[in-house]
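Please open your viewer, switch to a cartoon view and get ready to select a few things.

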Amino acid sequence: MLRLILAESELELVPPSIAGHPAVSKNAKKRGKRPGSVLLDANLHHSAMRGLPEWERRGRPDIVHSFLLLTLDSIANQRGEMEVMVHTRNDEVIYVSSETRLPKGYNRFCGLMESLFQNKVVPDKESPLLKIENMQLRELLKRHEISGITVLRPEKNPVRLNEYMKKIDLSEHTFVIGGFAVGDFQTDFSEIEHREITISDLLLKVWTVTSEIIVNYEIARGIQ
């Protein structure tokens, strides 16, 4: 079982401190929504975000969208060999059912995430495909510590991923990928049993790292 966690992802609703900014209110009005009920998006709210702490890395729902499209459409997921979760900067965890069929269009995806933040579950509690709860990343990882955890970080122990897959127990293993475009993890991993690796001397995009992990896992497990 391959468990993928997109950690500290920059997925959040517009903070109250900038909800009244013209860049936010104009876009929200166009969509028929309240400013505080829409996702923060750097492409749309860039001028408003400059007043936010760590504004350079925030407002990236597109990274989450790409990650989920890639994981959910993978052979491993369709074979029932994958578990996918998204952790957000505000310490929320989104559990994603393997049966989820995510909207391919970005605007529809944003609408789905906004509904999830509002209702805490999609489509309903009886048959949830997506659900969200408050939880710190450390707490989430502690639950899976015994099965093995690998954190992907630049400039850490360089490995050949195909060889690394042979050295770990793939019957159940958790890979943690940063869900941000700039910077590094803000979580202190020192109290969690884990390995930290990098798979290239290049600075890779989230979706590239994700695809490399999935493909090498599928090859190592003989999944096709």
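Which element gives the most to the lining of the largest pocket? Keep that in mind as you look around this predicted model.

**Stop one: the largest pocket**

Select P154, L203, L204, K205 and V209: of the 26 lining residues, these are the closest to the centre of the largest pocket. The space here comes to about 580 Å³.

Now colour β6 (149-158), β7 (173-178), β8 (195-198) and α8 (206-221), the elements that each give two or more residues to the lining. The answer to the opening question is β6, which contributes 4 residues, the most to this lining.

If you colour the lining by class, you will find 16 nonpolar, 4 polar and 6 charged residues.

**Stop two: helix α1**

Next, select residues 22-30, which form helix α1, and show the side chains of V24, N27 and A28, its buried residues. Turn the view until you look down the axis of α1: the buried residues fall within an arc of 100°, so they line one face of the helix.

What covers those buried residues of α1? Select residues 42-49 and you have α2, which is part of that cover.

Then turn to the other side of α1, where P22, K26, K29 and K30 are exposed.

Key. Residues are numbered from 1 along each chain as its sequence is written. This is a predicted model: local features need pLDDT of at least 70, side-chain atom pairs count only at pLDDT 80 or more; totals for chains, interfaces and linings use all residues. Side-chain values use heavy atoms; hydrogens and water are left out. Buried means under 20% relative accessible area, exposed over 50%, partly exposed in between (1.4 Å probe, protein chains only). The arc is that of the directions from the helix axis to the C-beta atoms. Contact means heavy atoms within 4.5 Å. On a 1 Å grid over the protein atoms alone, a cavity is a set of points where a 1.4 Å probe fits but cannot get out, and a pocket is an open set with protein on both sides within 12 Å along at least five of seven lines; lining residues have an atom within 4 Å of a point. Grid points are joined across faces, edges and corners, and a volume is the space filled by probe spheres set on the points. Ala, Val, Leu, Ile, Met, Phe, Trp, Tyr, Cys and Pro count as nonpolar, Asp, Glu, Lys and Arg as charged, and the others, Gly among them, as polar.
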